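Dear colleague,

Please find the structure below, followed by a short account of what was found in it.

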Amino acid sequence: MARRGTNLDRVGGFNDAVVLDAIRRSDQLSRVELAEVTGLSGQAISNIVRRLLEAGLVREAGRLRGAGLGKPRTLLELEPTGRYSVGVHLDPSVVTVVLLDLTGEMVARRPVDQYADDPDLLIDGIAKTIEEVIAEAGAARDRVTGVGIAAPGPIDVERGVVVDPPNLSTWHLVPLRDALGERTGLPVVMDKDVTAAAAAEKWAGQGGSFVFFYLGTGVGAGLVVGDEVIRGSSSNVGEIGHVIVDPDGPVCYCGRRGCVGESSQPRYLVQQAVAAGVLAAGIDLDDRPAVEEAFVRLCALAAGGAPAARGIVVRLADRIAKVVEDIANLLDLDRVVFGGPHWEPLAPVLGDAVRDALAGRFLLQAVHPFEVTGTALGSDVGAMGAASLILDTTFSPNPSLVGER
């Protein structure tokens, strides 16, 4: 549903965002239709549309003719090149930089070539890659609105600091936001990777109420409730890695057994596969690239129907479903969306297996269904989510900003 505007002059900026958001959600709308969906007066719509046209944020896209419409109506749509946003996904295994246009389409993408454990060296590499993706897309730099960073938690969002992510041992209180802002000269915002991924799904039009279940080097949950991204009091919502799902499971670094984060790791799944004879012995479980390669082989065997391999993934699905069940019932959600770098190889088996495991567990199924889906944004959802943070912050209506200038 489009947001309703207000005809008070003091919130003109908010109303501009309401109109821009309505056009984005519908692809094309006429001025008359905009007045209908936003509740704004015809005069207010005319003034707002004029400002958006002058700013290069929307463009006219032909006329709508039809019986009973009277004078043909001019349709309005977003101008893709009106603004751009950069997204950076900081992951322990790879750092990705993307550039999105105003419609949320990815127009350029690059991994950071020089991945370094040293934070300063890596930030230098990120800044260099940002300039490369802008140049590759041929984007006017003065139309690049800012840089969004999706970082593993915990983070200090007020100071823009990456605190102590468990899988980045050298990153202790790193002021990533300010350091990248100084190197690029662009405004920078930072959020948790799972929250950024949820924001990307929302920006892509997949709103409502859902949990984004992130499967990567760690696991996490991004939340959107009532079409609003939920961040929590310190913007660290979604730390689900230590929910115990198997009391007899592996020992986690926290000292307990069976945490969902540890029992979802490729390392643990590969270890299970070796023990079951699914994969050959001799894999170095401390060699991350070797483990990733073995994990992909395991997933391929499961998708191909190998019983022992499939059983490992199905048991993983049952552990994940226990967490999803609690979140969905607690918050009355519509669906779970899976994504992250490990989702794609798991998807052929995991999606259906989670769906089966959840059957009968969603307590509100008599009122509404609960859907299990994968992200439509692919493996770069974290980076796209980071860029979406800029688009969402800049161009989406935020009721809390009403009256502020």
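In this predicted model, strand 11 (210-215) and strand 12 (219-225) pair in the antiparallel sense over six bridges. Strands (E, at least two residues) and helices (H or I, at least four) are DSSP runs numbered from the N terminus, and two strands pair if DSSP finds at least two bridges between them. Within this pairing, Phe213 stands opposite Ala221 in strand 12.

Both strands belong to an open sheet of five strands with mixed pairing, in the order 13-12-11-14-15. Its edges are strand 13 (228-230) and strand 15 (371-374), each of which pairs on one side only.

Helix 11 lies across strand 11, strand 14 and strand 15, at about 180° to strand 15. Such angles run from 0 to 180 degrees between N-to-C directions, with axes fitted to C-alpha atoms, for helices over the stretch in contact (heavy atoms within 4.5 Å).

Phe213 is also among the residues that touch the most other members of the largest nonpolar core, which has 47 residues. A nonpolar core is a set of buried Ala, Val, Leu, Ile, Met, Phe, Trp, Tyr and Cys residues joined through side-chain atoms within 4.5 Å; buried means under 20% relative accessible area (1.4 Å probe, protein chains only). Helix 10 gives the most to this core, with 11 residues. A second, separate core of 32 residues includes Ile130 and Val144.

Residues are numbered from 1 along each chain as its sequence is written, and side-chain values use heavy atoms, leaving out hydrogens and water. Local features need pLDDT of at least 70 and side-chain atom pairs count only at pLDDT 80 or more, whereas totals for chains, interfaces and linings use all residues.

Yours sincerely

Conventions: Buried < 20%, exposed > 50% of the residue type's maximum accessible area, 1.4 Å probe, protein only.
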